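Please keep the sequence and the structure in view while reading.

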Amino acid sequence: MSDEKPATAYDIHRILKALPHRYPLLLVDRVKSLELGERIHAVKAVTMNEEFFQGHFPGAPIMPGVLQIEAMAQAAAILGIETLELAGTGKLVFFMGIENAKFRSPVTPGCLLDLEVEFVQKRSRVYKFKGKASVEGKTTCEVEFTAMIADPPKD
């Protein structure tokens with residue numbers, strides 16, 4: 001018998017329990033696999049109905065690179081929240097830094113954007129991740145980013 005924990009898949013209902021994000025800024029539609037403390041493989045279904053396509057760019061719609069990074073950050077947030085068993089606590093995951101972002105290929109309506117993120121470094125409340133977005137195996141974006149887990153801002 002192995003001590004490894006099995007990879008877990010999430011539907012949209014479980015994603016909504018893990019993340020505070022909602023439409024139009026929820027950018028994760030499904031989690032194909034999640035290995036607690038290690039990595040996540042999530043998917044964003046990119047459709048022509050996305051609000052950002054109205055202006056980026058009319059007649060030649062392309063998903064903004066920063067939204068690809070945000071989608072990877074949301075996948076990382078699910079990984080962090082689930083690894084630390086913080087779902088339902090109200091804790092939020094905030095960006096602290098983005099490094100080495102590279103945009104390799106455009107993402108257009110009709111794509112399934114694969115989001116693969118893994119832990120690089122873990123400290124008490126600060127975590128470093130490495131992410132890659134791809135469509136049909138072709139890398140669209142690569143990035144490293146740092147995030148922290150914190151309480152929501154007080155009113």
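The lining of the largest pocket consists of 14 nonpolar, two polar and two charged residues; here Ala, Val, Leu, Ile, Met, Phe, Trp, Tyr, Cys and Pro count as nonpolar, Asp, Glu, Lys and Arg as charged, and the others, Gly among them, as polar. The model is predicted, so local features need pLDDT of at least 70 and side-chain atom pairs count only at pLDDT 80 or more, while totals for chains, interfaces and linings use all residues. Residues are numbered from 1 along each chain as its sequence is written, and side-chain values use heavy atoms, without hydrogens and water.

**Pockets and cavity**

On a 1 Å grid over the protein atoms alone, a pocket is an open set of points with protein on both sides within 12 Å along at least five of seven lines, a cavity is a set where a 1.4 Å probe fits but cannot get out, and lining residues have an atom within 4 Å of a point. Grid points are joined across faces, edges and corners, and a volume is the space filled by probe spheres set on the points.

| Space | Volume |
|---|---|
| Largest pocket | about 190 Å³ |
| Second largest pocket | about 150 Å³ |
| Largest cavity | about 40 Å³ |

Of the 18 residues lining the largest pocket, H21, A73, A77, V93 and F94 are the closest to its centre. Helix α2 (65-83), strand β3 (92-103) and strand β6 each supply at least two lining residues of this pocket, and the largest share, six residues, comes from α2. Helices (H or I, at least four residues) and strands (E, at least two) are DSSP runs, numbered from the N terminus.

The lining of the second largest pocket has two nonpolar, three polar and five charged residues. Among its lining residues are R39, E116, E118, K130 and K132.

The structure holds one cavity of 30 Å³ or more. The lining of the largest cavity comprises nine nonpolar residues, one polar residue and no charged residue. F119, Y127 and F129 are among the residues that line the cavity, and β6 gives the largest share, three residues.

**Strands and aromatic rings**

Two strands pair if DSSP finds at least two bridges between them. Strand β6 runs antiparallel to β3, with nine bridges, and β5 and β6 pair in the antiparallel sense over 10 bridges. Between β5 and β6 lie two residues, which makes a hairpin, and E136 in the turn has a positive phi of about 50 degrees. Which residue of β6 stands opposite F129? It is F145, and F145 is also the bridge partner of I98.

Rings of Phe, Tyr and Trp (its six-membered ring) pair if their centres lie within 6.5 Å; planes under 30 degrees apart count as stacked, over 60 as edge-to-face and the rest as tilted. By this rule there are five aromatic pairs. F129 and F145 form a stacked pair, with 5.4 Å centre to centre and 25 degrees between the planes. Because F129 lies in β5 (residues 126-135) and F145 in β6 (residues 138-150), this pair ties together parts that are 16 residues apart in sequence. Both residues, F129 and F145, are buried, that is, under 20% relative accessible area with a 1.4 Å probe and protein chains only (exposed is over 50%, partly exposed in between). One aromatic cluster is formed by F95, F119, Y127, F129 and F145.

The charged end of K122 sits over the ring of F119, 4.7 Å from its centre, and R14 lies over the face of Y10, at 3.9 Å from the ring centre. Such a contact requires NZ of Lys or CZ of Arg within 6 Å of the ring centre and within 35 degrees of the ring normal.
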